[in-house]
Amino acid sequence: MSDTFVVAARIPMEREAFEQWLETPAPGAEAIENHGAMYDRWFWDGKSPDWRQAEKGVTPREYFADCFGEDTGGLTYVLTYREGALEAYLMHFGFCESNIYTALVMLAAAGRFSSEVAPSTVLFWAETSGSMFAADSEGWLATLLVGVDGARFAADIDLTATIAELRTAEASYFDLLVRLAEVEESVGGESSFAAIAREPRYVDAAVLSGS
């Protein structure tokens with residue numbers, strides 16, 4: 001199993017709705033209709049999720065702003081509003097349960113602000129490079145449908161369109177990795193990590209406002 005875990009989603013919504021989501025306190029696992037079925041029929045089939053790890057009551061702005069500082073504990077995040085949608089590509093080095101479960105409930109809540117009737121799909125997987133799998137891979141860890149009518153885990157869905165929609169966010173993530181690696185290799189470059197991670201191409205300014 002990889003040491004790199006990723007949560008990713010593209011959820012269509014108006015800009016005003018995106019900013020409203022940032023200000024809305026995170027719900028608990030009850031935001032997901034069948035939260036106990038997170039891993040069902042995927043690579044970790046039979047594993048029970050520990051939703052006690054999810055933070056509750058904190059807003060996405062409060063939570064995610066802390067993920068773009070100097071010491072992020074192995075997180076490499078892309079969180080933007082682009083072309084009418086929230087885009088998230090959240091890489092965790094190691095199975096950071098609190099980060100992952102919190103991100104999932106926050107994205108579940110984001111679905112309620114969607115500008116489309118059809119639900120969006122949130123992906124969770126483990127892959128050393130952080131890249132996405134093929135649509136028909138059995139290696140995904142969970143797939144969460146989120147929309148105006150709620151959120152639920154589902155395995156029997158076609159991921160082709162979801163993966164295609166997330167390619168731009170994936171490319172931004174790899175661009176960020178390259179830039180951070182270049183800084184790491186330079187003498188005295190570590191102080192630039194946060195400055196790069198907080199650039200608008202990787203995080204929307206509204207996420208950082210107040211941080």
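User: Which residues line the second largest pocket?

Analyst: A pocket is an open set of points on a 1 Å grid over the protein atoms alone, with protein on both sides within 12 Å along at least five of seven lines; lining residues have an atom within 4 Å of a point. Here the second largest pocket is lined by Arg10, Pro12, Glu116, Ala118, Pro119, Ser120, Thr121, Leu145, Ala161, Thr162 and Glu165. This is a predicted model, in which local features need pLDDT of at least 70. Residues are numbered from 1 along each chain.

User: Which element gives the most to the lining of this pocket?

Analyst: Helices (H or I, at least four residues) and strands (E, at least two) are DSSP runs, numbered from the N terminus. Helix 4 gives the most to the lining of the second largest pocket, namely 3 residues. Strand 1 (4-12), strand 4 (120-126) and helix 4 (160-165) are the elements that give two or more residues.

User: In what order do the strands form the sheet?

Analyst: Two strands pair if DSSP finds at least two bridges between them. In this model, 6 strands form an open sheet in the order 2-3-1-4-5-6, with antiparallel pairing. Strand 2 (75-81) and strand 6 (150-153) are the edge strands, each pairing on one side only.

User: How many bridges join strand 5 to strand 6?

Analyst: Strand 5 (residues 142-147) is joined to strand 6 by 4 bridges. Leucine 145, which also lines the second largest pocket, has arginine 152 in strand 6 as its bridge partner.

Key: Predicted model: local features only at pLDDT ≥ 70, side-chain atom pairs only at ≥ 80, totals over all residues. Heavy atoms only, no water. 1 Å grid on protein atoms, 1.4 Å probe; cavity = no way out; pocket = protein on both sides within 12 Å on 5 of 7 lines; lining within 4 Å.
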